[in-house]
Amino acid sequence: MSLETAFRQHLADSTPLTALVSTRIVPLRGSTKEAAPYIVYQVISRVSVHHATNPDGTTGASGLAQTRVQVRSVADTTLDATALANAVRNRIQGYRGVLGSGANQLRCEYCTMENEFDDEPFQLEGSERYVYSRIQDFSIWHPESIPTLA
């Protein structure tokens, strides 16, 4: 299971979030034609945690990773973008447990919000209208497979 799929499912399983964006939770880049409000998410970085000595006496990969996921909350006004970002923060920050559901599950050891800021407004394609966004970076600690070195 990929973190990206589990993360998206975790957001989509939130009634307060889906009340605001319906199913408009998309990876990487939102379309400039997308109806606001919507959420865009992407992995910014992933670091595998290594130990000098694992509990079994081996060295190397620990089976734990820290992934930074960036979330952009886009809405018609700065107040609506802030409200959407607050709903995302309420769903993710401090979370421990299973991200996602069904086949889309991944264990989250811990999640923290590392950064939050407003971005420049941008114009929707083919429109005179501008939308506003708030960007948040979340650090998610989760299991990963240990390389076999085969």
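A: The largest nonpolar core has 21 residues. Those with the most contacts inside it are Phe7, Leu11, Ile39, Val71, Val88 and Ile140. A nonpolar core here is a set of buried Ala, Val, Leu, Ile, Met, Phe, Trp, Tyr and Cys residues joined through side-chain atoms within 4.5 Å. Buried means under 20% relative accessible area, with exposed over 50% and partly exposed in between (1.4 Å probe, protein chains only).

The elements that give two or more residues to this core are H1, helix H2 (15–21), strand E2 (38–51), strand E3 (60–75), H3, strand E5 (104–108) and strand E7 (130–143). Helices (H or I, at least four residues) and strands (E, at least two) are DSSP runs, numbered from the N terminus.

The model is predicted: local features need pLDDT of at least 70, side-chain atom pairs count only at pLDDT 80 or more, and totals for chains, interfaces and linings use all residues. Residues are numbered from 1 along each chain as its sequence is written, and side-chain values use heavy atoms, leaving out hydrogens and water.

Now take Leu11. Leaving aside neighbours within four places in sequence, Leu11 is in contact with Leu17, Thr18, Ile25, Ile39, Val88, Arg91 and Ile92. Contact means heavy atoms within 4.5 Å.

Next, the helix pair. Phe7, His10 and Leu11 in H1 meet Val88, Arg91 and Ile92 in H3. The residues of this contact divide into 4 nonpolar, 1 polar and 1 charged. Here Ala, Val, Leu, Ile, Met, Phe, Trp, Tyr, Cys and Pro count as nonpolar, Asp, Glu, Lys and Arg as charged, and the others, Gly among them, as polar.

H1 (residues 3–12) and H3 (residues 78–92) pack at an angle of about 110 degrees. Their axes are 10 Å apart. Axes are lines fitted to C-alpha atoms, for helices over the stretch in contact, and angles run from 0 to 180 degrees between N-to-C directions. H1 and H3 are therefore roughly perpendicular to each other. That label covers 65 to 115 degrees; under 35 is roughly parallel, over 145 roughly antiparallel, and the rest oblique.

Strand E5 holds Leu106. Leu106 counts as buried because its relative accessibility is 13%.

Last, the whole chain. The protein has 3 helices and 7 strands. Buried residues make up 33% of its 150 residues.
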